[in-house]
Amino acid sequence: MLYKNLEMMKKLDEFLPEIQKPARYIGGETGSVMKDKSEVDVRFAFCFPDTYEIGMSHLGMKILYALKNNVPNYWCERVFMPLPDMTEQMRRRGIPLYALESLDPVSEFDFVGFTIQYELCYTTILEMLDLAGIPVLAEDRKSLTPIVVGGGPCVCNAEPLCDFFDIFVLGEGEEVNLELMALMERCKKENSTKEEFLKLAAKIEGIYVPSLYNVEYNENGTVKAITHAPDAPETVRKRIIRDFDKVYAPENFVVPFCDIVHNRAVVEVLRGCIRGCRFCQAGFIYRPFREKSKDTIISQTKTLCQNTGYDEVSLSSLSTSDFSDIEGLLSGLCEYTSKNRINLSLPSLRVDRFSEEVFQKINDVRKSGLTFAPEAGTQRLRDVINKNITEQNVLDSVKIAFEGGYTAVKLYFMLGLPTETDDDIRGIYDLAKQVVEQFYANPDRKKGKSPSVSVSLSTFIPKPFTPFEFEPQDSEEEIRRKQKLLMDYASDRKITFSRSKYEVSLLEAVLARGDRRVGKAVYLAWKKGCFLDGWDEFFSFEKWKEAFSECGLEMSFYANRRREYDEIAPWSHMDFLVSKEFLISENKKAHEGKPTPNCREKCSNCGVASKTGGEICRAVG
Amino acid sequence: MPLVNTRVFFSKRDRAKYISHLDLAGVMQRAIKRAALPVWYTEGYNPRMYTQFMLPLSLGQESLREAVDMRLLEQLPYSEVAERMNDALPGDIRVTEVGVPVFKNTDIAAAEYEITGELDFGQFREFVGREHIPAEKKTKKGVSELDLKQHILFVEVSDKITIRLPAGVDFNINPQLVLDAFSALTGSTAAGSHILRTKILTKNGEEFR
Ligand code: SF4
């Protein structure tokens, strides 16, 4: 008999009609997996530390959910962060955080797993654990279950989270998640202790057990040494899928009852990125570059669309236009999608491969706004960051777009990039201005129409495992000065600017390169009431500032300081395949203003190919 | 191509009672797509799958009798349509009947509900026996005063309440309004009660088909 916690359902029925969008708190959607609890041996509560609408749009969660549920005696369920109207009722009525399939309390699960996609979700993790009635500190959890596990890009430096998690999963989760479930199955049968489980887990490649490592600090606050217990490896290497074309892909999604951020089918086309933009963490930590075959992608698209009933499908990757046979792929897909009244949407198309043919194909299906990300205003600075786009590339693509009837263009830039000068900042406006002029250069433009160019300015955030991991983030005064400089210089009203909050970028920078001591600040900030820090309406920088000063830590130490090449990074016991030597040489080249060819033109020996045996990285030729 | 007007009746219970009326169209359309039923799309620049729902149900209320119209592009056995849709729908929505539309949307005049749960039924019986039951109804134009007593078309109270109220595009009384009035006038709570729509009726009291 498929199981559902009826008692919980009854409690929820008492107040859910009064809650905003209750459909996101009740489960039962098509595609959600229900099981007979008596036949399940290991239960995994997959938590996304953000709202239902955001978490349900995330592909990684869908993959691991389907993968684990494919095993008959494993049951993986979904958990999201409820909004305050819900949490208030839950706390008042003594209802703990529950999973959406069984409606069972999260504390009853064997694993409580979080996917950690961005730094600003750290306090939300603590809030969810607390709502579940699970002690937030790992040392206060003595029994074998639940094991609190984290994965996702942020675990490349999980140090600020070490106090709260029992284990982290590094790299791609498809294989290692099942290995972990199997280990738990065995340990439960054998009545193992938590310590025994953790020691065995540490032997699995890609598993980081933070309690088996010890960190010492120098007087100046930098890391002096990281030592490991005999049961743990000196460095933990991330997992990768070697045969990517055969990697597990879900045949069905949980299709939500209510609208979410991306309510559509998503098919992954490639992993890794050939570009090597020096500020981009994803471009390094997801290497090596691997593609699925065109036929695999097309057949997965068909299966997924049929099973979900979605009328929109999107391709997912860091840079879809780098797919080797992108035009062949789009033709094949369009044939199916247009016949079946399905919209094909293509995020992350790059500006320099934005050919007329590709444009025609996306234009056939959907007309939305166009976005380009030159990131920096001058060629000099784009060479520094290795953003391989020329002004001509941007203008050519914009020209095609304007001729195709578009009038709105969005341009993304960063302020505070290494070596940035005032000329680079004025260059941002100059480039935007040229885009405007490109519109008027089109003889066929509709009379009476004018273009709108919106420029989005974010603050550069140095991230681990990038060539810029050594770089300081600009101070608040410096960023404000640069913003003002740009505003004073700008005169064309058709160009509008939006900018990110400095405080948010600062916090992100601190957490991204934080060490274990930062965990204390995360804890205190949460105690003071921080959660959903990525949401404007909930973010309180004041509380964070208090938290840091109460534990005697300076944010500037983590964010605004240049780090020597030989400094021991808090994450130096993590191995993400890319070598530190490579990052240093890329950093030096950046300061010399020298670009690096993309991986398809030439392999730059980043370390990935040599560590994985050469055959895996498919970037070259 | 023949266009076969088709009316699908379905129930909406348990977890599905939290699907809003607005979201229900999407849920149903994706199910139709999964079921690969040949249905008609509107014409024009932005073609949409044609579905037309009758009589919105409030969030949190359950129903045995919901209806949606669609147009099939070919004649299919109704049992097959029901079967294919049930395979594609979430478990808490079940197609109960498929047929040719007999009445128009505007023929709907009333609906019948069953109210169960933790409620003082004796007190409720007294309550509906009053001469007047004043209540405030929120409409688009604001709040209007009305006497519910005049609008209760039928009521029977045992260990559950069976109540018939006006329903339709022009005038609609939500059974929740009756429960709210009950709480307001007697001070007795109706918080633990469940509302289940059991019938949709026409002016002549016939079952809407
Ligand atoms: S091994 Fe070479 S081709 Fe592969 S990601 Fe590294 S630099 Fe690029």
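Student: Which side chains meet in a salt bridge at 2.7 Å, N to O?

Tutor: The model is a predicted one, and the values here are computed from it. Chain B is divided into domain 1 (4–101) and domain 2 (106–202), and the count between the two domains is 1 salt bridge. The side chains that meet in a salt bridge at 2.7 Å, N to O, are those of B:R197 and B:E66.

Student: What area is buried between domain 1 and domain 2 of chain B?

Tutor: The size of an interface is often given as the accessible area lost when the parts come together. Between domain 1 and domain 2 of chain B, carbon and sulfur atoms give 57% of that area, and the total is about 1,000 Å².

Student: Which residues in domain 1 of chain B lose the most area to domain 2 of chain B?

Tutor: The C-alpha centres of the two domains of chain B lie 27 Å apart. On the domain 1 side, three residues together account for 53% of what that side buries: B:L55, B:Q61 and B:R65.

Student: What pattern does chain B follow along the sequence?

Tutor: The secondary structure of chain B comes to 4 helices and 10 strands. Its C-alpha atoms fill a box of roughly 60 × 30 × 30 Å along the principal axes. Read along the sequence, the pattern is β-α-β-β-α-β-β-α-β-β-β-β-α-β.

Student: What share of the contacts in chain B with a separation of 6 or more comes from residues 24 or more positions apart?

Tutor: Chain B has 209 residues, and buried residues make up 50% of them. Among contacts with a separation of 6 or more, the share from residues 24 or more positions apart is 72%.

Student: Which residues touch the most other members of the largest nonpolar core?

Tutor: In soluble globular proteins, nonpolar side chains tend to be buried together. The largest nonpolar core here has 182 residues. Its largest share, 8 residues, comes from helix α14 (residues 422–440) of chain A. A second, separate core of 34 residues includes B:F103 and B:L146, while in the largest core the residues that touch the most other members are A:I116 and A:F197.

Student: Where is the cis peptide bond with omega near -5°?

Tutor: Most residues other than glycine have a negative phi, and most peptide bonds are trans. A cis bond with omega about 0° joins A:R287 and A:P288, and A:P288 is in the loop between α8 (282–285) and β12 (290–291) of chain A. A:P146 is in the loop between α5 (122–131) and β4 (147–151) of chain A. The cis bond with omega near -5° runs from A:T145 to A:P146.

Student: Is A:L532 buried or exposed?

Tutor: A:L532 is found in the loop between α17 (518–527) and α18 (541–550) of chain A. Its phi is near 45°, a positive value in a residue other than glycine. The cut-off for buried is under 20% relative accessible area, and A:L532 has 1%, so A:L532 is buried.

Student: What relative accessibility does B:D14 have?

Tutor: B:D14 lies in the loop between β1 (4–12) and α1 (21–34) of chain B. Phi of B:D14 is near 45°, a positive value in a residue other than glycine. B:D14 counts as partly exposed, with a relative accessibility of 32%.

Student: Which side chain is joined to that of A:N73 by a polar contact of 2.7 Å?

Tutor: A:N73 is in the loop between α3 (59–69) and β2 (74–80) of chain A, and at 17% relative accessibility A:N73 counts as buried. Beyond four places in sequence, A:N73 touches residues including A:V40, A:D41 and A:E185. The polar contact of 2.7 Å joins the side chain of A:N73 to that of A:D41.

Student: Which residues is B:E131 in contact with, leaving aside its neighbours within four places in sequence?

Tutor: B:E131 is in the loop between α3 (121–129) and β6 (134–139) of chain B, and B:E131 is exposed at a relative accessible area of 66%. The C-alpha atoms of B:E131 and B:L148 are separated by 10.0 Å. With those neighbours left aside, B:E131 is in contact with B:D147 and B:K149.

Terms used. Residues are numbered from 1 along each chain as its sequence is written. Chains are lettered from A and ligands numbered from 1 in the order in which they are written. This is a predicted model: local features need pLDDT of at least 70, side-chain atom pairs count only at pLDDT 80 or more; totals for chains, interfaces and linings use all residues. Side-chain values use heavy atoms; hydrogens and water are left out. A nonpolar core is a set of buried Ala, Val, Leu, Ile, Met, Phe, Trp, Tyr and Cys residues joined through side-chain atoms within 4.5 Å. Buried means under 20% relative accessible area, exposed over 50%, partly exposed in between (1.4 Å probe, protein chains only). Helices (H or I, at least four residues) and strands (E, at least two) are DSSP runs, numbered from the N terminus. Domain bounds come from an automatic or database domain assignment. Buried area is the accessible area (1.4 Å probe) that two parts lose on being put together, summed over both. A salt bridge is a side-chain nitrogen of Lys or Arg within 4 Å of a carboxyl oxygen of Asp or Glu. Contact means heavy atoms within 4.5 Å. A polar contact is a pair of N or O atoms within 3.5 Å; within protein, one must be able to donate a hydrogen and the other to accept it, and residues adjacent in sequence count only if both atoms are side-chain atoms.
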